[in-house]
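Dear colleague,

Please find the structure below, followed by an account of what was found in it. I would be grateful if you would read the two side by side.

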Amino acid sequence: MLQLSDLLTRFKGISNTDKAKKEIVGQELTRIIGIPITYQQVIISKNTLILKVQPIIKSEIMLKKDEILQKIKNISGLSHITTIQ
């Protein structure tokens, strides 16, 4: 009989790609607006990037929306993002 650890070894190299995408988006936003954004504040839903931040930070993001969307579309796996909320 196989041990559970033997069955799970094939999943060791798999990373949480959703979390990785959110971290990349957070880093890019931080670089553009100069305010730290963590991956916990980023939600990717269909073609929308939802940010759980204070209204003042969201206003700053909306001012630079076109630049942010252009940078995000260049990230692998996020080219489908068309709006920010």
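I43 stands opposite I50 in β2, within a pairing of β1 (42-45) and β2 that is antiparallel and runs over four bridges. Strands are taken here as DSSP runs of E of at least two residues, helices as runs of H or I of at least four, both numbered from the N terminus; two strands pair if DSSP finds at least two bridges between them. This is a predicted model, in which local features need pLDDT of at least 70 and side-chain atom pairs count only at pLDDT 80 or more, while totals for chains, interfaces and linings use all residues. Residues are numbered from 1 along each chain as its sequence is written, and side-chain values use heavy atoms, with hydrogens and water left out.

The hairpin of β1 and β2 has two residues between the strands. K46 is found in this loop, and its phi is near 55°, a positive value in a residue other than glycine. K46 counts as exposed because its relative accessible area is 74% (exposed means over 50%, buried under 20%, partly exposed in between, with a 1.4 Å probe and protein chains only).

Strand β2 (residues 48-51) also pairs with β3, here in the parallel sense over two bridges, and L49 stands opposite I84 in β3.

Q41 counts as buried because its relative accessibility is 19%. Leaving aside neighbours within four places in sequence, Q41 is in contact with P36, I50, L51, K52 and V53, contact meaning heavy atoms within 4.5 Å.

Axes are lines fitted to C-alpha atoms, for helices over the stretch in contact, and angles run from 0 to 180 degrees between N-to-C directions. The axes of α2 (residues 17-33) and α4 (residues 65-73) come within 11 Å and cross at roughly 145°. On the α2 side the contact is made by V25, E28, L29, R31, I32 and I33, and on the α4 side by E67, I68, K71 and I72.

The largest nonpolar core has 18 residues, of which L49, L51, I61 and I68 touch the most other members. Such a core is a set of buried Ala, Val, Leu, Ile, Met, Phe, Trp, Tyr and Cys residues joined through side-chain atoms within 4.5 Å. Two or more residues come from each of α2, β2, α3 (55-63) and α4, and α2 gives the most, with four. I68 touches L29, I32, I33, I61 and I84, not counting residues up to four places away in sequence.
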